[in-house]
Amino acid sequence: MSVPERAFWSLATLPEALGAVGRPTGPVPVAPDPTDDDAVDRYVAQVAGAAGLDAQHVAAVGADIDAIVAHGAPAVWAQGDRCVVLLAARRGRVTVLSRDLRHLRVRAQDLVEAVHALRPERVAAADRTVSRLPERRRAAARRLLLARLGAPDRAGTVWLLRAPPDGALWRVVREHGLHRTIPAWVAAHLVAYGLWIASWAVVGRGALAGRLEPGWLLGWAAILVSLAPLRGWTVWLQGRIAVRAGVILRQRLLIGALRMSPDDIRTRGVGTLLGRVEESAALERMALDGGMSAALALLEWMVASAVLWSAGARLHGALGAVWLVGIVVLAGFMWRDRAAWTASRVAGTHALVERLLGHRTRAVQASPETWHDDEDPALAAYAEVSRRTDRSTLALSAVTSSWMLAGIVALGPSFVAGTATASSLAVAIGGVL
């Protein structure tokens, strides 16, 4: 299978191709001389920018072509006036954009061959070298030799097409593959959570009935063994999400910082900006760890409510809803206190930096007895805000911790009266936990 001619674009028609990949947002420049590398680089960057894309320049040598074709998409590869627009690559096949704006699937090796075919002298040298090898080894040896022959020389120029970090969030998320990783992570966690509840139902049934049969114990062990790889996969997916989401967050924070106006910087002051930089690390940690934990907690609460309802513990379902409302209310108070705490901490950093910068002026114009007059009230106010934050955090922790006791106590009437079966009671205990 060869690469059809309609898969190749010229520099003059490249704006049409990138307009189909992105969204045209600006004027299109005039195509430059293909032999002027700097002009071509600026031209592709302008065309990509006009399409709402970010073009990252990569100088490709012969040994890099295989890796770029396999992992670089979406990208534009150019050799002289001939360009290929790579859309996706998977399992040895590459999707390219044809001149009629259709998606063509070709073999990655065919595309690499087409790249090397633009240097016929190199192809002829490789063919002569491998002609004496056995037939079954010629193809692999030829590919390796072409890559090595092209290693010292540029085999064209590649521009990796990426969504701007400050663009639409869904496009950035999709580009980093989070639109596939997040659903897989949620599904793996739900399956693991369901197996964990099932393990409670299996072992609790025998424990409450007073008889543990070997078959049920074997089933319980099988569930626990199945949980291990699922938990590991969930943690691995969570790590991937955290790393990629952290990259997105840091890029957007950096772009926001670079786009601050000089007037805004002068108005806020060095101390305030330094305090915000210090808070950015906490923001990333809380946004990733706390946000992911909150999403899983909501899913777990829904599953646990369904389990309690199915087990006949409807009182627990209502009790859990009441507890959730209380947690939300207390979380609102803690949010308010933490916002005041953060503002006070940033203000303290600002005051400290300003005093350090103005120390010489203060030493000359103010008496030493008055240097620290403003510091004690500020520190007292910060301590008071910290105490309020600690109280709201402690109240929220107490309510969340007391659910376990309330849930177990609520099981008492049905357990004493004997109205619940051993299996449903075991499932109810698992739902409470």
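What share of the 433 residues in the protein is buried? Buried residues come to 31%, where buried means under 20% relative accessible area, exposed over 50%, and partly exposed in between (1.4 Å probe, protein chains only).

Before you click around: this is a predicted model, so local features need pLDDT of at least 70 and side-chain atom pairs count only at pLDDT 80 or more, while totals for chains, interfaces and linings use all residues. Residues are numbered from 1 along each chain as its sequence is written, and side-chain values use heavy atoms, with hydrogens and water left out.

**Whole chain.** Switch to cartoon: you get 16 helices and 6 strands, taken as DSSP runs numbered from the N terminus (helices H or I, at least four residues; strands E, at least two). Of the contacts between residues at least 6 apart in sequence, 72% join residues at least 24 apart; a contact is heavy atoms within 4.5 Å.

**Surface.** The accessible surface is about 24900 Å², with 63% belonging to carbon and sulfur atoms (Shrake-Rupley, 1.4 Å probe; for residues, only the protein chains shown count as cover).

**Positive patch.** Select R90, R91, R93, R105, R174 and R180, which form a positive surface patch. Patch residues have over 30% relative accessible area and no salt bridge, with like charges joined within 9 Å and nonpolar side chains (Val, Leu, Ile, Met, Phe, Trp, Tyr) within 5 Å. A salt bridge is a Lys or Arg side-chain nitrogen within 4 Å of an Asp or Glu carboxyl oxygen; Lys and Arg count as positive, Asp and Glu as negative, and His and chain ends are not counted. Charges are placed at NZ of Lys, CZ of Arg, CG of Asp or CD of Glu. Zoom in on R90, in strand β3 (residues 82–90); its relative accessibility is 59%, so R90 counts as exposed.

**Nonpolar patch.** Now pick L298, W301 and M302: together this nonpolar surface patch has about 300 Å² of accessible area. W301 sits in helix α11 (residues 270–310) and counts as partly exposed because its relative accessibility is 32%.
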